[in-house]
Amino acid sequence: LSSGINAEYGGFQMLQLKFYILERIIEDQMPDLWEHFQKHELNTHMYASQWFLTLFSAKFPLGLVYRIVDMFLTEGPDTLYKVAVSLLKLSRNDLISQDFEEMLKYFRVALPKRFMNKKQGQKLLSTAASVKIKPGKVAVWEAQFHQIQDEKRSLQDPVRRAEHELKLSRENNHRLEQENDMLVLHLTQNQVNMRHQLDELEKRNLELKRDLAKMTSSYEEMVDSNSVLSSEIERTKNLYHSSLIEGDDERARHKLTIKEYHNMCRALEERHEKEKQELNQEVIEIKAQVGGKAIDIPSEQRLRELEMELAKTKLCLVEANCKAQEYEHKCTTLLEKLKHYETGVLNHLKAKLNR
């Protein structure tokens, strides 16, 4: 088995090739894990050298190793890649959450211990059997590896190294010139864009200044209007209060007049009733004296005159009541007009202030 492995590897150079191909397979099939290894600078040889040199026999149980050797003898060297990839796939969730030191410890202790379990070993072999590795890709990766090695060897010759360095210098110079041209172009474009933005900002500044001037003028007009409206409101309030006072005085006078009319009417009615009773008594006495004959006496004429006077007094009282009601209606209408005018002035002032 040892001679077969040595023949397969052909020395350290072939072992490096195996590491390179395994790294490319990880990058191709598990890019997230490959990026995690690159981030923490975990190289392939740090964990896979023991696998490849001992054919996984150093840490894993012998039953599992025998099965891997059977696969190696029947399916060829790709078995190494399939088993290694299967180990990484089954451990990906654990590895991707660990740092450099934790991963090294995991490969050394936790990973072999995990596959001591027979079911886990069977799962590893099943996963390895399902791993697909395309021969075409392997051939490309081998060519890439040999090209890299040739370039490294060529650098050992001083002439070739100088030519290589000169080539790199020219490439770097060309790249820097291109970057410089791109930077100049980018700077020019930025200057043009900044000039355009500056023009837009100046235009916007002029518009804002015009708007500010309009707003200032509107504010001054509003202040003047507010002053005028305040004066008008004050005058209206004074007029309103004076009208209320006058209306109250006039209402009081009318109430007093009506009360006097009522007293006069009541006095006239009482006097009329008294005189009527006296006249009726006189009529009765006269009729008794003349033996019941109807006569025309001045008392009846006097009674009719009193009734006419009472009717005129009541008519005057009704006219006074009508005038009082009419005046009260005028006062109410005036008060409503004053309130409506005051409300309109206040609403106009609020609208001006809101604008």
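Me: Which residues do ring pairs link into a cluster?

Reply: This is a predicted model. In the model, ring pairs join Phe 37, Tyr 47, Trp 51, Phe 56, Phe 60, Tyr 106, Phe 107 and Phe 115 into a cluster. Find those rings on the display before we go on.

Me: How many aromatic pairs are there?

Reply: The count comes to 11 aromatic pairs. Take Tyr 106 and Phe 107 as an example. Their ring centres lie 6.5 Å apart, and their planes stand at 75 degrees, so this pair is edge-to-face. The cut-off behind that label is an angle over 60 degrees.

Me: Are Tyr 106 and Phe 107 buried or exposed?

Reply: Look at relative accessible area. Buried means under 20%. Tyr 106 has 8%, so Tyr 106 is buried. Phe 107 has 9%, so Phe 107 is buried too.

Me: Which residue lies over the face of Tyr 20?

Reply: Arg 24 does. Its distance from the ring centre of Tyr 20 is 4.8 Å.

Me: Let me step back to the whole chain. How many helices and strands does the chain have?

Reply: Count 12 helices and 0 strands. Read from the N terminus, the elements run α-α-α-α-α-α-α-α-α-α-α-α.

Me: What share of the chain counts as buried?

Reply: Of its 355 residues, 26% count as buried. The accessible surface of the chain is about 24,800 Å². Carbon and sulfur atoms hold 54% of that surface.

Me: What share of the contacts comes from residues 24 or more positions apart?

Reply: Start with the contacts in the chain that have a separation of 6 or more. Residues 24 or more positions apart account for 77% of them.

Me: How much space lies in the largest pocket?

Reply: About 310 Å³. The pocket is lined by 17 residues, and the closest to its centre are Gln 16, Phe 19, Tyr 20, Glu 23 and Phe 145. The elements giving two or more residues to the lining are α2, α3 and α10 (135-154). The largest share, 6 residues, comes from α2.

Me: Where is Phe 56 found?

Reply: Phe 56 is in the loop between α4 and α5 (62-75). Phe 56 is not a glycine, yet its phi is positive, at about 65 degrees. Its relative accessibility is 1%, so Phe 56 counts as buried.

Me: Which residues is Gln 98 in contact with, leaving aside its neighbours within four places in sequence?

Reply: His 36, His 40, Met 103 and Tyr 106. Gln 98 lies in the loop between α7 (92-95) and α8 (100-114). At 16% relative accessibility, Gln 98 counts as buried.

Me: How far apart are Ile 133 and Asp 78 in sequence and in space?

Reply: In sequence, 55 residues separate Ile 133 and Asp 78. In space, they are 7.8 Å apart, C-alpha to C-alpha. Now place Ile 133 on the chain. Ile 133 is in the loop between α9 (118-130) and α10. Ile 133 is buried, with a relative accessible area of 14%.

Me: What does Ile 133 touch, not counting residues up to four places away in sequence?

Reply: Ile 133 touches Ile 25, Asp 78, Tyr 81, Lys 82 and Val 138. Trace each one on the model.

Note on methods: Residues numbered from 1 in each chain as written. Predicted model: local features only at pLDDT ≥ 70, side-chain atom pairs only at ≥ 80, totals over all residues. Heavy atoms only, no water. Phe/Tyr/Trp six-rings, centres within 6.5 Å; stacked < 30°, edge-to-face > 60°. Buried < 20%, exposed > 50% of the residue type's maximum accessible area, 1.4 Å probe, protein only. Lys NZ or Arg CZ within 6 Å of the ring centre and 35° of its normal. Helix = DSSP H or I, 4+ residues; strand = E, 2+ residues; numbered from the N terminus. Contact = heavy atoms within 4.5 Å. Areas by Shrake-Rupley, 256 points an atom, 1.4 Å probe, with all protein chains shown as cover. 1 Å grid on protein atoms, 1.4 Å probe; cavity = no way out; pocket = protein on both sides within 12 Å on 5 of 7 lines; lining within 4 Å. Points joined across faces, edges and corners; volume = space filled by probe spheres on them.
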